[in-house]
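Let's read a fold together, one feature at a time. Have the structure open while we talk.

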Amino acid sequence: MLLSKRLWAVPLVGLLVAGLLVGFGDEDEAVAKEPRVTIGKIMVGASAFTPNENGLGGGDTAYHFNDVSLVVISEYGGFVAPVSFPVPVVTIRKMSLVGYDTNDTSSLQVTLYRAQPLRSGLEDIAFVRTVDSTDDPQVSTTRNIRNRRVNTVNHAPHLRVDMEGAARLYGVQVVYSY
């Protein structure tokens, strides 16, 4: 009986020593890891926007860029800009319009779209407009996002800004996660 106990002791001690030297496995392997969410921000500056429509009455949109802003000289101007995300699939979390709306007769609004060229479709994702304010710049933000997921394999995201009266656009910030 004593001999059989010794026979068990040698392999058992050997397994314990081997387990200590090699390790019993990663303790994280038994626990499910949560995916890491990365938050990103992209600022689309005023200089990225190009005219999309003529002014009211069919005339050309008169506008100019000063050092940091887009200013409409005519009564109305519509402008578009592409949005390029650093990864193919993102979830939109928030959008902020940075501009200046001088009085109650002027307005500045932006809409984020995801075009679907393969389906000849267009969906709005978010919309925000300025509120008459003397703050310059004024930041208007929305977290009311529809169709949050943008996959650049199928979608072509872009911004459309509509300006009326004495308004000034500095940029649009989009907050996203991936």
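Q: What should I know about the model before I start?
A: It's a predicted model, where local features need pLDDT of at least 70, side-chain atom pairs count only at pLDDT 80 or more, and totals for chains, interfaces and linings use all residues. Residues are numbered from 1 along each chain as its sequence is written, and side-chain values use heavy atoms, with hydrogens and water left out.

Q: What pLDDT does the chain average, and which elements score lowest and highest?
A: pLDDT is the predictor's confidence in each residue, from 0 to 100. Here the chain averages 82, and 76% of the residues score at least 70.

Q: How many helices and strands does the chain have?
A: Helices (H or I, at least four residues) and strands (E, at least two) are DSSP runs, numbered from the N terminus. This chain has 1 helix and 12 strands, and along the sequence the pattern reads α-β-β-β-β-β-β-β-β-β-β-β-β.

Q: Is strand β5 mostly covered or uncovered, and which strand does β5 pair with?
A: Buried means under 20% relative accessible area, exposed over 50%, partly exposed in between (1.4 Å probe, protein chains only). In β5 (residues 76-82), 5 of the 7 residues are buried; for the chain, 38% of its 178 residues count as buried. Two strands pair if DSSP finds at least two bridges between them. β5 pairs with β11 (residues 156-164) in the antiparallel sense over 7 bridges, and Tyr 76 has Glu 164 in β11 as its bridge partner.
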